[in-house]
Amino acid sequence: MKHSFSNFKWFLILSILLSNFLGFSQDYYGPDERRKWLDIAENNIPSLKETIKHPIDLVKTIKDTNAFQVYKTESIGGLDDFYKTSLKTQSGIILDFGEHITGQFTFSLNTLFGVTDAPVRLKFTFGEVPSEVSVPFDPYPGGLSRAWLQDEIVTVMSIPSTITLERRLSFRYVKVEVLGSSPYFDFSLTKASVKATTSATSEITDLSATSSELIKKIDQVGLNTLSECMQTVFEDGPKRDRRLWIGDLYLQALANMYSYENHMLTKRCLYLIAALAQEDGFLYSNVFEYPSPHAQEGSPFLFDYAILYNVILRDYLDATGDTETANDLWPVAKRQMDHITTYLGEDGVFNADKAVKNKWWLFVDWNDQLDRQTALQGIMIYSMKGTLDLAEKLNKKSEVKQLPKWIESMSSGALKHLYDKDLGLFISGKDRQVSYASQSWMILADVVKPKKARNILHNLQDYKNAIKPGGPYLYHYYVQALIDSDLKEDARELIENYWGGMVKKGADTFWEVYDPNNEELSPYQFYPVNSYCHAWSCTPVYFIRKYPEIFQN
Ligand code: RAM
């Protein structure tokens with residue numbers, strides 16, 4: 001008996017060694033656990049509310065240097081006549097649905113005279129903003145797939161007919177062009193509609209009557225943004241990338257907590273991300289639902305998103321009291337902490353260069369000039385604190401005994417090596433760069449107390465060459481840092497100026513990228529492919545509703 005047990009032991013050791021040697025790695029969570037998580041994710045797919053929407057106007061776009069991206073729309077009226085008039089004579093016309101919509105587009109054609117002796121070829125171009133139905137897409141200079149742009153060519157073989165485009169679309173405007181038709185008959189477009197979908201179904205409470213008109217508008221546009229992104233997952237953008245990203249989820253879940261309260265959707269997303277983790281247990285930054293749930297395998301490991309997962313889980317637990325889910329997913333949160341020390345120096349400072357050299361993606365923001373070291377240091381401390389809090393709530397502190405020590409060494413490391421006393425600012429990287437990202441994350445990580453944080457933020461505002469946020473994702477964290485430092489007035493002004501700036505430029509939903517001084521800014525070298533209804537931009541909803549004393553007075 002003894003003999004066979006020791007044989008078995010040797011067999012086990014040898015097979016582990018062999019599998020390591022041959023490069024077979026083990027699945028960190030195991031297939032059964034993953035299956036269970038996927039099943040839970042599936043059981044929590046929300047049913048989508050469907051609403052039929054119709055165009056409300058006909059418009060044309062005109063160039064105007066004062067308009068957002070130099071294009072604005074102008075009503076040309078006559079929608080009723082449009083449906084009765086030859087489409088051939090109206091090619092290029094734009095239908096305006098009056099609001100941002102996500103859903104499936106249906107249209108009908110009818111003959112006006114003659115016999116349909118040939119197919120009809122139509123092109124529909126869908127735009128979230130006027131520029132998308134104005135700027136030619138080709139030759140396409142963008143860095144992402146050309147196919148994200150929403151232009152669809154349809155060949156209609158017989159008339160009358162009603163056709164629904166297969167692709168789900170996200171837009172307010174649709175341009176209709178006739179690319180081919182027969183001279184022997186004529187036809188009109190008699191109907192156009194969209195079956196709009198969302199999983200944001202609950203009633204929203206009104207803001208207090210003392211709220212300014214601008215704040216009410218910002219809140220509404222934020223709600224539109226969030227509800228459009230709420231489909232069967234929290235999508236980052238219903239036009240693009242139509243998938244679940246951890247960073248976007250974090251901010252959507254916050255806004256959702258103070259508005260639609262669809263916690264089931266958050267739960268589904270948390271399970272989905274967990275089930276689709278890398279084999280070594282660390283998380284992929286983004287996952288897709290179709291054709292079957294899968295992660296973007298092969299994409300670089302996005303460290304800041306992976307560790308923010310833990311904070312989402314903690315917040316979810318706080319909002320729902322659902323300890324079953326939190327306990328279920330605790331191993332995932334715990335595992336994310338194992339990378340804290342991977343590139344941590346003896347001095348308690350994160351070695352960002354080394355991480356990047358080893359192909360980690362440090363995101364933080366889209367601004368290319370940003371040195372990400374100090375921001376990451378802050379995010380690491382922030383997420384360790386969130387994890388510790390989660391552990392406490394689940395009675396699992398003993399499983400993360402290392403965290404208090406790391407928090408302490410990274411906080412003092414930051415103050416010692418990343419804080420410039422003369423400037424009164426945190427610096428980042430070998431060029432000692434000063435940025436909004438570094439200050440915001442250090443403050444959110446509570447490395448400095450509010451009084452010092454206030455000074456830092458004042459110094460930052462006075463510092464001419466500080467690297468500014470490249471988009472709404474980082475602006476969110478900056479606003480939170482202002483609030484945490486008791487700079488409430490500044491926080492309100494920022495929401496009013498930045499998000500309010502989009503509103504004033506006609507936003508129906510908030511944009512993925514927005515630089516007031518460069519409206520054609522795009523991380524993808526072609527601004528029409530930007531997403532103009534983007535998850536991470538919806539957070540004024542969270543701020544306005546969480547802090548009524550700041551925003552609703
Ligand atoms: C883009 C998307 C997404 C974001 C990532 C990092 O592809 O805008 O929302 O999370 O970048």
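D151 and R146 form a salt bridge, with their closest N and O atoms 2.8 Å apart. The model is predicted, and it holds 32 salt bridges in total. Side chains of opposite charge can pair when their charged atoms come close.

**D151 and R146**
- D151 has a relative accessible area of 15% and counts as buried, because the limit for that class is under 20%.
- R146, its partner in the salt bridge, has a relative accessible area of 24% and is partly exposed.

**E392 and K397**
- A salt bridge joins the side chains of E392 and K397, at 3.4 Å from N to O.
- E392 is partly exposed, at 43% relative accessibility.
- K397 is also partly exposed, with a relative accessible area of 41%.

**K505 and E519**
- The side chains of K505 and E519 form a salt bridge with an N to O distance of 2.7 Å.
- This pair links distant parts of the chain, the two residues being 14 residues apart.
- Both K505 and E519 lie in the loop between α15 (488-504) and α16 (540-546).
- K505 counts as partly exposed at 28% relative accessibility.

Key:
Residues are numbered from 1 along each chain as its sequence is written. This is a predicted model: local features need pLDDT of at least 70, side-chain atom pairs count only at pLDDT 80 or more; totals for chains, interfaces and linings use all residues. Side-chain values use heavy atoms; hydrogens and water are left out. A salt bridge is a side-chain nitrogen of Lys or Arg within 4 Å of a carboxyl oxygen of Asp or Glu. Buried means under 20% relative accessible area, exposed over 50%, partly exposed in between (1.4 Å probe, protein chains only). Helices (H or I, at least four residues) and strands (E, at least two) are DSSP runs, numbered from the N terminus.
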